[in-house]
Amino acid sequence: MTKTLIGALMLAFVTPQPAMADDVAPEAQVAISKALAEIGFTVEADDLDATADGYEADDVKCKDGEFEVTFDKDFKIIAKEGRILGP
């Protein structure tokens with residue numbers, strides 16, 4: 001029983017945890033917001049997440065709809081998914 005408990009505790013510390021918005025440094029938040037502003041998009045800071053390969057911005061807004069935008073570590077947009085609002 002003790003070995004099982006110790007093993008479970010060790011696994012909890014070793015298992016990668018998903019990135020939270022708090023993991024996005026203020027400098028990265030500024031760079032992401034700037035990249036989005038250049039294409040007419042906006043995002044709230046709490047909708048930004050760090051990933052293993054870069055960053056994700058959820059609930060990104062523009063006049064055409066709402067998107068999820070993926071960035072690489074250099075803040076270049078590599079993917080954009082979402083829905084376009086109709087008339």
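These are my notebook entries on a predicted model.

**Entry 1: overall layout**

I began with the secondary structure. I found two helices and four strands in the chain. I then read along the sequence and wrote down the pattern α-α-β-β-β-β. I also looked up burial for the chain. Of its 87 residues, 24% count as buried.

**Entry 2: aromatic pairs**

I searched for ring contacts next. The structure has two aromatic pairs. Phenylalanine 41 and phenylalanine 67 have ring centres 5.5 Å apart and planes at 20°, so I logged the pair as stacked. The cut-off I applied for stacked is planes under 30 degrees apart.

Which parts of the chain does this pair tie together? I placed phenylalanine 41 in the loop between α2 (26-37) and β1 (48-50), and phenylalanine 67 in strand β3. The pair therefore ties together parts that are 26 residues apart in sequence. I checked the accessibility of both residues. Phenylalanine 41 is buried, at 8% relative accessibility. Phenylalanine 67 is buried too, at 9%.

The other pair joins tyrosine 55 and phenylalanine 75. I noted 5.3 Å centre to centre and 20° between the planes, and this pair is stacked as well. Tyrosine 55 sits in strand β2, and phenylalanine 75 in the loop between β3 and β4 (77-84). The parts tied together here are 20 residues apart in sequence.

Is tyrosine 55 buried or exposed? I found a relative accessible area of 15%, so tyrosine 55 is buried. The limit for buried is under 20%.

I stayed with phenylalanine 75 for its backbone. Its phi is positive, about 65°, although the residue is not a glycine. I had already placed phenylalanine 75 in the loop between β3 and β4.

Aspartate 59 also went on my list. Its phi is near 55°, a positive value in a residue other than glycine. Aspartate 59 lies in a strand, β2 (residues 54-62). I noted 35% relative accessibility, so aspartate 59 counts as partly exposed.

**Entry 3: charge on the surface**

I met aspartate 59 again when I turned to surface charge. Which residues gather in a patch of negative charge? I listed Glu44, Asp46, Asp59, Glu68 and Glu81.

I then looked for salt bridges. The structure holds one. It joins the side chains of lysine 61 and glutamate 66, at 3.4 Å from N to O. The cut-off I used is within 4 Å. How accessible are the partners? Lysine 61 is partly exposed, at 40% relative accessibility. Glutamate 66 is partly exposed as well, with a relative accessible area of 28%.

**Entry 4: glycine 65**

I placed it in strand β3 (residues 65-72). Is glycine 65 buried or exposed? At 4% relative accessibility, glycine 65 counts as buried. I also checked its distance to glycine 82, which is 17 residues away along the chain. The two C-alpha atoms are separated by 7.5 Å.

Notes
Residues are numbered from 1 along each chain as its sequence is written. This is a predicted model: local features need pLDDT of at least 70, side-chain atom pairs count only at pLDDT 80 or more; totals for chains, interfaces and linings use all residues. Side-chain values use heavy atoms; hydrogens and water are left out. Buried means under 20% relative accessible area, exposed over 50%, partly exposed in between (1.4 Å probe, protein chains only). Patches are made of residues with over 30% relative accessible area and no salt bridge: like charges are joined within 9 Å, nonpolar side chains (Val, Leu, Ile, Met, Phe, Trp, Tyr) within 5 Å. Accessible areas come from the Shrake-Rupley method with a 1.4 Å probe; for residues, only the protein chains shown count as cover. Lys and Arg count as positive and Asp and Glu as negative; His and the chain ends are not counted. The place of a charge is taken as NZ of Lys, CZ of Arg, CG of Asp or CD of Glu. Rings of Phe, Tyr and Trp (its six-membered ring) pair if their centres lie within 6.5 Å; planes under 30 degrees apart count as stacked, over 60 as edge-to-face and the rest as tilted.
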